[in-house]
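These are my notebook entries on one structure.

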Amino acid sequence: LRYSLFMILYPTGIFGEVAQLVYLCQNLVANGDLLGFYVFFVIILVYIPCGPFMYYHMVSQRKRAFAARSGPPRRSGPPPAAGIEFPLNKKTGERSTTTVNKGAFVAAIEKVSP
């Protein structure tokens with residue numbers, strides 16, 4: 001929803017803000033405040049050309065977000081290990097260890113969880 005509603009909300013918001021600034025400039029000229037008029041006129045001149053950059057930035061963000069959703073799953077295979085594992089045996093490819101290390105591991109587990 002976030003990456004779809006901006007197509008309506010961004011142009012509407014930019015138009016509304018510029019319309020308010022134009023109305024403000026008209027009131028400043030009517031009251032004789034030319035310094036305020038020039039300040040807000042410069043803001044309008046900068047704001048209008050920057051609007052398309054903001055809009056097209058959101059278009060690129062939308063493409064990226066939708067591509068991430070519709071793409072293949074990122075992780076395949078077993079989930080990463082959580083905790084202690086024995087090292088892989090180079091010959092068999094299975095997890096194994098020496099008898100001494102197995103005994104140390106069992107002793108450590110018994111101290112933590114009797």
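Entry 1: Helices (H or I, at least four residues) and strands (E, at least two) are DSSP runs, numbered from the N terminus.

Entry 2: conventions. I note that this is a predicted model, in which local features need pLDDT of at least 70 and side-chain atom pairs count only at pLDDT 80 or more, while totals for chains, interfaces and linings use all residues. Residues are numbered from 1 along each chain as its sequence is written, and side-chain values use heavy atoms, with hydrogens and water left out.

Entry 3: overall form. I counted 3 helices and 0 strands in the protein, in the order α-α-α from the N terminus. I looked up the radius of gyration (taken over C-alpha atoms; the globule rule is 2.2 Å times the number of residues to the power 0.38). The protein has 32 Å, whereas a compact globule of 114 residues would have a value near 13 Å. I also recorded the span of the C-alpha trace along its principal axes, about 95 × 35 × 25 Å. Of the 114 residues, 12% count as buried; buried means under 20% relative accessible area, exposed over 50%, and partly exposed in between (1.4 Å probe, protein chains only).

Entry 4: the first helix. I find that α1 covers residues 2-31, 30 residues in number, and reaches 41 Å from its first C-alpha to its last, close to the 44 Å expected. At Ile8, α1 bends by about 35°, and Pro11 follows within four residues. The bend at a residue is the angle between axes fitted to the seven residues ending there and the seven starting there. Just after α1, Gly32 takes a positive phi of about 85°.

Entry 5: bend and packing of α2. I find a bend of about 30° in α2 at Cys50, with Pro52 following within four residues. The buried residues of α1, among them Tyr3, Ile14 and Leu28, pack against α2 (34-70). The buried residues of α2, including Gly36, Ile44 and Met58, pack against α1.

Entry 6: aromatic pairs. Rings of Phe, Tyr and Trp (its six-membered ring) pair if their centres lie within 6.5 Å; planes under 30 degrees apart count as stacked, over 60 as edge-to-face and the rest as tilted. I count 5 aromatic pairs by this rule. The ring centres of Phe6 and Tyr55 are 5.5 Å apart with the planes at 55°, so I class the pair as tilted. This pair links distant parts of the chain, Phe6 in α1 and Tyr55 in α2, 49 residues apart. Phe6 counts as buried because its relative accessibility is 3%. The rings of Phe37 and Tyr38 have centres 5.4 Å apart and planes at 65°, so that pair is edge-to-face. I also noted one aromatic cluster, formed by Phe6, Tyr10, Tyr55 and Tyr56.

Entry 7: one further residue. Is Asn27 buried or partly exposed? Asn27, found in α1, counts as partly exposed because its relative accessibility is 32%. I recorded 45 Å between the C-alpha atoms of Asn27 and Phe66, which are 39 residues apart along the chain.

Methods. The expected span of a helix is 1.5 Å times one less than its number of residues. Contact means heavy atoms within 4.5 Å.
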